[in-house]
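Subject: Structure handover

Hi,

Here is the structure for you to look over. My notes come below it.

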Amino acid sequence: MIDLNNLNHLKMPSENSEFFLTLFQNDSIKIEAIRSWLKTPGETYNQDQDEWVLLISGEASFLVEDQKLQLKSGDYFFLPKHTEHQVLSTSNDALWLGIFSS
C-alpha cells in the first residue's frame with residue numbers, strides 16, 4: 001500500500017528555529033524537507049555530501065562561501081560537498097527541499 005503524505009502539512013517552526021524531516025533515504029541519497037523561520041543566522045554547514053536545494057515557498061537570504069543569495073519561491077541551486085553555507089534569514093513560511101548524495 002502507498003503511504004500518501006503532503007509537504008504542506010509539515011510542522012511549522014517557532015521563530016528562529018528549523019524543523020527537519022527525512023522524506024526518503026537509502027545508501028546513496030537522502031531527501032529532506034525543511035521548514036524554517038529564521039530572523040537571525042542559522043548554523044554554518046560544511047557537509048560531506050553534495051546537496052541540491054530548492055526553496056519551495058517563502059523567501060530566504062543564504063550565504064554560500066562569500067556569495068550572498070536572495071532566494072524566492074522556486075529558486076534552486078547545487079552545493080558541492082565541503083562548500084560552507086548558512087541560511088541568514090527566512091520568511092515565516094519558508095519550505096525547503098534538500099537532496100543529499102554521496
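Predicted model: local features only at pLDDT ≥ 70, side-chain atom pairs only at ≥ 80, totals over all residues.

Residues are numbered from 1 along each chain as its sequence is written, and side-chain values use heavy atoms, without hydrogens and water.

Strands first (DSSP runs of E, at least two residues, numbered from the N terminus). S1 (residues 17-25) pairs with S2 (residues 29-37) in the antiparallel sense, over 8 bridges. Pairing needs at least two DSSP bridges between two strands. S1 and S2 form a hairpin with 3 residues between them. Phenylalanine 24 has isoleucine 31 in S2 as its bridge partner. S2 is also joined to S9 (residues 94-101), antiparallel, by 8 bridges. There, alanine 33 stands opposite leucine 97 in S9.

Leucine 21 lies in S1. Leucine 21 counts as partly exposed because its relative accessibility is 32%, and that class runs between buried (under 20%) and exposed (over 50%), with a 1.4 Å probe and protein chains only.

Now the pocket (an open set of 1 Å grid points over the protein atoms alone, with protein on both sides within 12 Å along at least five of seven lines; 1.4 Å probe; lining residues have an atom within 4 Å of a point). Of its 26 lining residues, Glu32, Ile34, Gln47, Glu51 and Phe100 are closest to the centre. S2 gives the most to the lining, with 4 residues.

Best wishes
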